[in-house]
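Here are a few notes to go with your first look at this one. Have the viewer open and click along as you read.

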Amino acid sequence: MQYSKVEICGVNTSNLKVLKESEKRELLKIIKEGNEHERKIARDKMIEGNLRLVLSVVQRFAGRGEAPDDLFQVGVIGLMKAIDNFNPDFDLRFSTYGVPMILGEIKRYCRDNNPVRVSRSMRDTAYRAMQIKETLTNKNGKEPTVEEIAREMDVPKENVVLALESIVEPVSLYEPVFTDGNDTIYVMDQVGDKQTDSDWLDEIALRESMKHLSEREKKILGLRFFRGKTQMEVAKEIGISQAQVSRIEKTALETIKKEAF
(Lines give C-alpha, C1' and ligand atoms only; values in the text may rest on other atoms or scores of the structure.)
Protein backbone atom coordinates (compact mmCIF):
# COMPACT_ATOMS: atom_id res chain seq x y z
CA MET A 1 0.00 0.00 0.00
CA GLN A 2 1.37 3.42 -0.98
CA TYR A 3 1.22 6.27 1.51
CA SER A 4 1.35 9.87 0.29
CA LYS A 5 3.74 12.28 1.93
CA VAL A 6 2.09 13.98 4.89
CA GLU A 7 3.98 16.05 7.44
CA ILE A 8 2.82 15.62 11.04
CA CYS A 9 4.93 17.06 13.85
CA GLY A 10 7.79 17.32 11.34
CA VAL A 11 7.56 13.61 10.52
CA ASN A 12 7.21 12.44 6.92
CA THR A 13 4.54 9.82 7.46
CA SER A 14 5.24 8.10 4.14
CA ASN A 15 8.60 6.99 5.54
CA LEU A 16 7.32 5.60 8.82
CA LYS A 17 8.81 2.22 9.63
CA VAL A 18 6.56 -0.77 10.31
CA LEU A 19 7.82 -3.53 12.59
CA LYS A 20 7.06 -7.20 12.08
CA GLU A 21 5.24 -8.91 14.93
CA SER A 22 8.35 -10.95 15.71
CA GLU A 23 10.40 -7.74 15.96
CA LYS A 24 7.86 -6.22 18.32
CA ARG A 25 7.99 -9.32 20.50
CA GLU A 26 11.76 -9.16 20.71
CA LEU A 27 11.81 -5.45 21.56
CA LEU A 28 9.09 -5.87 24.19
CA LYS A 29 11.06 -8.69 25.77
CA ILE A 30 14.14 -6.47 25.97
CA ILE A 31 12.07 -3.64 27.46
CA LYS A 32 10.94 -6.01 30.18
CA GLU A 33 14.15 -7.95 30.84
CA GLY A 34 17.08 -5.88 29.52
CA ASN A 35 19.34 -3.48 31.39
CA GLU A 36 18.59 0.25 31.51
CA HIS A 37 20.55 1.08 28.34
CA GLU A 38 19.03 -1.81 26.38
CA ARG A 39 15.53 -0.95 27.54
CA LYS A 40 15.87 2.66 26.42
CA ILE A 41 17.07 1.72 22.95
CA ALA A 42 14.38 -0.94 22.55
CA ARG A 43 11.66 1.43 23.77
CA ASP A 44 12.71 4.12 21.28
CA LYS A 45 12.67 1.57 18.45
CA MET A 46 9.27 0.30 19.56
CA ILE A 47 7.85 3.83 19.55
CA GLU A 48 9.34 4.65 16.16
CA GLY A 49 8.14 1.35 14.70
CA ASN A 50 4.54 1.94 15.78
CA LEU A 51 4.02 5.56 14.74
CA ARG A 52 2.03 4.41 11.73
CA LEU A 53 -0.34 2.70 14.16
CA VAL A 54 -0.82 6.08 15.84
CA LEU A 55 -1.34 7.71 12.45
CA SER A 56 -4.03 5.16 11.55
CA VAL A 57 -5.93 6.01 14.73
CA VAL A 58 -5.50 9.78 14.23
CA GLN A 59 -6.99 9.52 10.73
CA ARG A 60 -10.29 8.45 12.31
CA PHE A 61 -10.61 11.95 13.76
CA ALA A 62 -10.16 13.81 10.47
CA GLY A 63 -12.64 16.62 9.91
CA ARG A 64 -13.48 17.12 13.58
CA GLY A 65 -11.67 20.44 13.86
CA GLU A 66 -8.73 19.15 15.88
CA ALA A 67 -5.15 19.86 14.76
CA PRO A 68 -3.58 16.64 13.39
CA ASP A 69 -0.25 17.53 15.02
CA ASP A 70 -1.88 17.75 18.44
CA LEU A 71 -3.77 14.48 17.99
CA PHE A 72 -0.61 12.75 16.79
CA GLN A 73 1.35 13.88 19.85
CA VAL A 74 -1.44 12.77 22.18
CA GLY A 75 -1.63 9.45 20.32
CA VAL A 76 2.09 8.92 20.84
CA ILE A 77 1.55 9.40 24.58
CA GLY A 78 -1.05 6.64 24.43
CA LEU A 79 1.42 4.49 22.47
CA MET A 80 4.11 4.99 25.11
CA LYS A 81 1.67 4.04 27.87
CA ALA A 82 0.77 0.89 25.94
CA ILE A 83 4.44 -0.03 25.52
CA ASP A 84 5.20 0.56 29.20
CA ASN A 85 2.23 -1.48 30.41
CA PHE A 86 2.16 -4.31 27.86
CA ASN A 87 3.00 -7.78 29.16
CA PRO A 88 4.78 -9.81 26.42
CA ASP A 89 3.97 -13.02 28.31
CA PHE A 90 0.33 -12.72 27.26
CA ASP A 91 -0.75 -14.35 24.00
CA LEU A 92 -1.85 -11.02 22.56
CA ARG A 93 -0.74 -8.94 19.59
CA PHE A 94 0.64 -5.56 20.63
CA SER A 95 -1.73 -3.70 18.29
CA THR A 96 -4.72 -5.36 19.96
CA TYR A 97 -3.61 -3.85 23.26
CA GLY A 98 -2.16 -0.61 21.87
CA VAL A 99 -5.04 0.63 19.73
CA PRO A 100 -7.55 1.00 22.62
CA MET A 101 -4.87 2.80 24.66
CA ILE A 102 -4.15 5.24 21.81
CA LEU A 103 -7.86 5.72 21.13
CA GLY A 104 -8.58 6.36 24.79
CA GLU A 105 -5.84 8.97 25.09
CA ILE A 106 -7.03 10.86 22.00
CA LYS A 107 -10.68 10.70 22.99
CA ARG A 108 -9.92 12.03 26.46
CA TYR A 109 -8.02 14.90 24.85
CA CYS A 110 -10.90 15.67 22.46
CA ARG A 111 -13.44 15.49 25.27
CA ASP A 112 -11.44 17.74 27.57
CA ASN A 113 -10.71 20.27 24.83
CA ASN A 114 -14.05 20.24 23.04
CA PRO A 115 -15.71 23.66 23.46
CA VAL A 116 -19.10 22.21 22.51
CA ARG A 117 -20.99 21.00 25.57
CA VAL A 118 -24.52 19.70 25.82
CA SER A 119 -26.38 21.93 28.26
CA ARG A 120 -27.70 20.53 31.52
CA SER A 121 -31.27 21.46 30.57
CA MET A 122 -30.93 19.62 27.25
CA ARG A 123 -29.67 16.52 29.01
CA ASP A 124 -32.46 16.72 31.58
CA THR A 125 -35.01 16.92 28.76
CA ALA A 126 -33.45 13.89 27.06
CA TYR A 127 -33.39 11.78 30.22
CA ARG A 128 -36.98 12.72 31.04
CA ALA A 129 -38.01 11.79 27.49
CA MET A 130 -36.35 8.39 27.86
CA GLN A 131 -38.13 7.77 31.16
CA ILE A 132 -41.49 8.66 29.64
CA LYS A 133 -40.72 6.50 26.62
CA GLU A 134 -40.09 3.53 28.89
CA THR A 135 -43.24 4.22 30.92
CA LEU A 136 -45.44 4.45 27.82
CA THR A 137 -43.82 1.33 26.35
CA ASN A 138 -44.62 -0.66 29.49
CA LYS A 139 -48.15 0.74 29.61
CA ASN A 140 -49.08 0.23 25.95
CA GLY A 141 -46.86 -2.71 25.01
CA LYS A 142 -45.20 -0.79 22.17
CA GLU A 143 -42.76 2.06 21.80
CA PRO A 144 -44.40 5.50 21.63
CA THR A 145 -43.92 8.01 18.82
CA VAL A 146 -42.07 11.28 19.32
CA GLU A 147 -45.41 13.09 19.22
CA GLU A 148 -46.74 10.94 22.07
CA ILE A 149 -43.65 11.56 24.18
CA ALA A 150 -43.79 15.32 23.50
CA ARG A 151 -47.48 15.41 24.38
CA GLU A 152 -46.83 13.63 27.68
CA MET A 153 -44.01 16.10 28.47
CA ASP A 154 -46.06 19.07 27.26
CA VAL A 155 -43.21 20.35 25.06
CA PRO A 156 -42.81 20.78 21.27
CA LYS A 157 -41.76 17.55 19.55
CA GLU A 158 -38.75 19.39 18.04
CA ASN A 159 -37.40 19.85 21.57
CA VAL A 160 -37.65 16.12 22.21
CA VAL A 161 -35.84 15.24 18.96
CA LEU A 162 -33.01 17.72 19.60
CA ALA A 163 -32.60 16.59 23.19
CA LEU A 164 -32.42 12.90 22.33
CA GLU A 165 -30.00 13.51 19.44
CA SER A 166 -27.72 15.54 21.71
CA ILE A 167 -26.86 12.51 23.85
CA VAL A 168 -26.68 9.89 21.12
CA GLU A 169 -23.25 8.55 20.24
CA PRO A 170 -22.44 7.10 16.78
CA VAL A 171 -22.74 3.33 16.40
CA SER A 172 -19.71 1.56 15.00
CA LEU A 173 -20.13 -0.28 11.71
CA TYR A 174 -18.35 -3.11 13.48
CA GLU A 175 -21.01 -3.73 16.11
CA PRO A 176 -21.49 -7.53 16.04
CA VAL A 177 -24.87 -8.65 14.75
CA PHE A 178 -24.46 -12.40 15.11
CA THR A 179 -21.78 -14.89 16.08
CA ASP A 180 -21.80 -18.66 16.21
CA GLY A 181 -18.54 -18.88 18.14
CA ASN A 182 -16.36 -18.93 15.04
CA ASP A 183 -17.55 -16.38 12.50
CA THR A 184 -18.97 -12.99 13.47
CA ILE A 185 -21.30 -10.87 11.32
CA TYR A 186 -20.99 -7.11 11.81
CA VAL A 187 -23.27 -4.20 10.86
CA MET A 188 -20.89 -3.43 7.97
CA ASP A 189 -21.64 -6.86 6.50
CA GLN A 190 -25.28 -5.87 6.24
CA VAL A 191 -24.79 -2.54 4.47
CA GLY A 192 -21.88 -3.01 2.10
CA ASP A 193 -18.51 -4.57 1.44
CA LYS A 194 -16.28 -1.52 1.02
CA GLN A 195 -13.58 -1.26 3.66
CA THR A 196 -11.21 1.52 4.68
CA ASP A 197 -7.74 1.39 6.15
CA SER A 198 -9.11 2.05 9.64
CA ASP A 199 -11.88 -0.60 9.65
CA TRP A 200 -9.82 -3.03 11.70
CA LEU A 201 -9.29 -0.44 14.46
CA ASP A 202 -13.01 -0.44 15.33
CA GLU A 203 -13.05 -4.22 15.24
CA ILE A 204 -10.08 -4.54 17.61
CA ALA A 205 -11.47 -2.09 20.17
CA LEU A 206 -14.97 -3.55 20.06
CA ARG A 207 -13.88 -7.18 20.24
CA GLU A 208 -11.79 -6.44 23.30
CA SER A 209 -14.67 -4.65 25.03
CA MET A 210 -17.20 -7.38 24.18
CA LYS A 211 -15.03 -9.94 25.97
CA HIS A 212 -16.03 -8.27 29.22
CA LEU A 213 -19.74 -9.00 28.69
CA SER A 214 -21.57 -12.08 29.92
CA GLU A 215 -23.54 -14.28 27.53
CA ARG A 216 -26.80 -12.89 28.97
CA GLU A 217 -25.63 -9.31 28.35
CA LYS A 218 -24.68 -10.13 24.76
CA LYS A 219 -28.05 -11.76 24.16
CA ILE A 220 -30.00 -8.86 25.61
CA LEU A 221 -28.10 -6.29 23.52
CA GLY A 222 -28.66 -8.42 20.43
CA LEU A 223 -32.40 -8.64 21.03
CA ARG A 224 -32.72 -4.96 21.91
CA PHE A 225 -30.60 -3.26 19.27
CA PHE A 226 -30.35 -5.70 16.38
CA ARG A 227 -33.79 -7.30 16.49
CA GLY A 228 -35.56 -4.16 17.68
CA LYS A 229 -37.39 -5.73 20.61
CA THR A 230 -38.66 -3.68 23.54
CA GLN A 231 -37.41 -4.36 27.04
CA MET A 232 -40.76 -5.92 27.84
CA GLU A 233 -40.48 -8.31 24.87
CA VAL A 234 -36.93 -9.23 25.83
CA ALA A 235 -37.99 -9.87 29.42
CA LYS A 236 -40.74 -12.23 28.28
CA GLU A 237 -38.39 -14.11 25.92
CA ILE A 238 -35.62 -14.56 28.48
CA GLY A 239 -37.88 -15.10 31.46
CA ILE A 240 -36.86 -12.22 33.71
CA SER A 241 -38.48 -8.93 34.71
CA GLN A 242 -38.40 -5.78 32.59
CA ALA A 243 -36.54 -4.02 35.40
CA GLN A 244 -33.83 -6.67 35.30
CA VAL A 245 -33.49 -6.28 31.52
CA SER A 246 -33.14 -2.53 31.98
CA ARG A 247 -30.40 -2.91 34.59
CA ILE A 248 -28.47 -5.53 32.60
CA GLU A 249 -28.73 -3.47 29.40
CA LYS A 250 -27.47 -0.33 31.13
CA THR A 251 -24.54 -2.16 32.73
CA ALA A 252 -23.55 -3.80 29.42
CA LEU A 253 -23.60 -0.50 27.53
CA GLU A 254 -21.54 1.20 30.22
CA THR A 255 -19.00 -1.62 30.03
CA ILE A 256 -18.68 -1.28 26.25
CA LYS A 257 -18.28 2.51 26.44
CA LYS A 258 -15.69 2.22 29.20
CA GLU A 259 -13.62 -0.49 27.53
CA ALA A 260 -13.89 0.52 23.87
CA PHE A 261 -14.29 4.26 24.03
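1. First, a caution: what you have on screen is a predicted model. The chain runs to 261 residues, and 36% of them count as buried. It has 13 helices and four strands. If you look at contacts with a separation of 6 or more, 60% of them join residues 24 or more positions apart.

2. Start with the largest nonpolar core, which has 29 residues. Which members touch the most others? Those are M46, L79, F94 and I106. Five helices each put in at least two residues: α1 (21–33), α2 (36–48), α3 (51–58), α4 (68–85) and α5 (94–113). The largest share belongs to α4, with seven residues. As background, nonpolar side chains in soluble globular proteins tend to be buried together.

3. Leaving out residues up to four places away in sequence, M46 touches L19, K24, L27, L28, I31, I83 and F94. F94 is itself listed with M46 among the core members that touch the most others.

4. Next, turn to how α1 sits against α2. The two helices pack at an angle of about 145°, and their axes are 8 Å apart. The crossing of α1 past α2 is left-handed. From α1 come K24, L27, L28, I30 and I31, and they meet E38, R39, A42, R43, K45 and M46 in α2. Sorted by class, that contact has six nonpolar and five charged residues, with no polar ones.

5. Now for the charged pairs. How many salt bridges does the structure hold? There are eight. In general, side chains of opposite charge can pair when their charged atoms come close.

6. One of these salt bridges joins R93 to E21, with the closest N and O atoms 3.5 Å apart. Because R93 lies in the loop between α4 and α5 while E21 is in helix α1, this pair ties together parts that are 72 residues apart in sequence. Is R93 buried, exposed or in between? With 47% relative accessibility, R93 counts as partly exposed. E21 is partly exposed too, at 21%, and the cut-off for buried is under 20%.

7. R43 turns up again here: besides meeting α1, R43 makes a salt bridge with D84, at 2.9 Å from N to O. That pair links helix α4, where D84 sits, to helix α2, where R43 sits, across 41 residues. Both ends are partly exposed, D84 at 46% relative accessibility and R43 with a relative accessible area of 25%.

8. E143 is in the loop between α6 (120–140) and α7 (146–153), K133 is in helix α6, and the two are 10 residues apart. E143 counts as partly exposed at 37% relative accessibility, and K133 is partly exposed at 32%.

9. Last one to find: which residues are linked in a network of salt bridges? Look for K81, E105 and R108.

Methods. Residues numbered from 1 in each chain as written. Predicted model: local features only at pLDDT ≥ 70, side-chain atom pairs only at ≥ 80, totals over all residues. Heavy atoms only, no water. Core = buried A, V, L, I, M, F, W, Y, C linked by side-chain atoms within 4.5 Å. Buried < 20%, exposed > 50% of the residue type's maximum accessible area, 1.4 Å probe, protein only. Contact = heavy atoms within 4.5 Å. Axes fitted to C-alpha atoms, helices over the stretch in contact; angles between N-to-C directions. Left-handed = near helix turned anticlockwise from the far one by under 90°. Nonpolar A, V, L, I, M, F, W, Y, C, P; charged D, E, K, R; others polar. Salt bridge = Lys/Arg side-chain N within 4 Å of Asp/Glu carboxyl O.
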